[in-house]
Amino acid sequence: MSVTSAGLVRLCEPQDWSRAQAVGRIDPDEGEGFVHLSTLDQVHLPANRLYRGRRDLVLLHVDASLLDAPLRWELGVPTDPESMLFPHLYGPLPVRAVTKATAYLPGGDGSFAPAQAHDST
């Protein structure tokens, strides 16, 4: 699968984004060895699984051309659509690769929909 710089996002809690800005990076998730990323079309899957109803989440829009570590497309969890691959960054996500941070709000029922490229904060 080819990766373009458009459409990669990191689902993030506000305090994690603040911490990343202070240190200049987001480190791989403990026990995983990589930073979880998504495309705009699939970010709702982990958002609904992990954060349903949360109204404070941030999407970090990532420019793949500014990544220093390997990006691999791999299977998600068994409940994700069959054969769906998610981008996993095997190293830190540098803050300089984040082109913008946008709010990611659920609908009235608390569920998240696929993100839009034009969302902004």
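## Asp68 and Arg96

Asp68 is exposed, its relative accessible area being 60%; by definition, exposed means over 50% relative accessible area, buried under 20%, and partly exposed in between, calculated with a 1.4 Å probe on protein chains only. Asp68 forms a salt bridge with Arg96, and the closest N and O atoms are 2.6 Å apart. A salt bridge here is a side-chain nitrogen of Lys or Arg within 4 Å of a carboxyl oxygen of Asp or Glu. Asp68 belongs to the loop between β5 and β6 and Arg96 to the loop between β8 and β9 (98-103), so the pair ties together parts that are 28 residues apart in sequence. Arg96 is partly exposed, with a relative accessible area of 47%. Helices (H or I, at least four residues) and strands (E, at least two) are DSSP runs, numbered from the N terminus.

## Basis and confidence of the model

This is a predicted model, in which local features need pLDDT of at least 70 and side-chain atom pairs count only at pLDDT 80 or more, while totals for chains, interfaces and linings use all residues. Residues are numbered from 1 along each chain as its sequence is written, and side-chain values use heavy atoms, with hydrogens and water left out.

The pLDDT is the predictor's confidence in each residue, from 0 to 100. Its mean for the protein is 90, and 91% of the residues reach 70 or more.

## Nonpolar cores

A nonpolar core is a set of buried Ala, Val, Leu, Ile, Met, Phe, Trp, Tyr and Cys residues joined through side-chain atoms within 4.5 Å. The largest such core has 18 residues, and those with the most contacts inside it are Leu60, Val62, Leu67, Leu89 and Leu93. Two or more residues come from each of β1 (8-12), α1 (14-23) and β5 (58-62). Strand β5 supplies the largest share, three residues. Leaving aside neighbours within four places in sequence, Leu93 is in contact with Arg10, Gly24, Arg25, Ile26, Val35, Leu37, Val62 and Leu67.

A second, separate core comprises 11 residues, including Leu40, Val43, Tyr51 and Tyr104. The C-alpha atom of Val43 is separated by 9.2 Å from that of Leu8, a residue 35 positions away along the chain. Leu8 is found in strand β1 and is buried, with a relative accessible area of 3%.

## The open sheet

Three strands form an open sheet in the order β3-β7-β6, with antiparallel pairing; two strands pair if DSSP finds at least two bridges between them. Strands β3 (35-36) and β6 are the edge strands, each pairing on one side only. Strands β6 and β7 (residues 85-89) run antiparallel and are joined by five bridges. Leu71 stands opposite Leu89 in β7, and Leu89 is also listed among the residues with the most contacts inside the largest core.

## Other salt bridges

Side chains of opposite charge can pair when their charged atoms come close. The count for this model comes to seven salt bridges. One of them joins Arg10 to Asp29, with the closest N and O atoms 3.3 Å apart. Because Arg10 lies in strand β1 and Asp29 in the loop between β2 (25-26) and β3, this pair ties together parts that are 19 residues apart in sequence. Arg10 is buried, at 11% relative accessible area, whereas Asp29 is partly exposed, at 22%.

Arg54 forms a salt bridge with Glu13, the closest N and O atoms being 3.7 Å apart. Arg54 is placed in the loop between α2 (44-51) and β5, and Glu13 in the loop between β1 and α1, so the pair ties together parts that are 41 residues apart in sequence. Arg54 counts as partly exposed at 26% relative accessibility, and Glu13 as buried at 16%. Glu13, Arg54 and Asp56 are linked in a network of salt bridges. Not counting residues up to four places away in sequence, Glu13 touches Tyr51, Arg54 and Leu57; Tyr51 is in turn one of the residues of the second core.

Terms used: Contact means heavy atoms within 4.5 Å.
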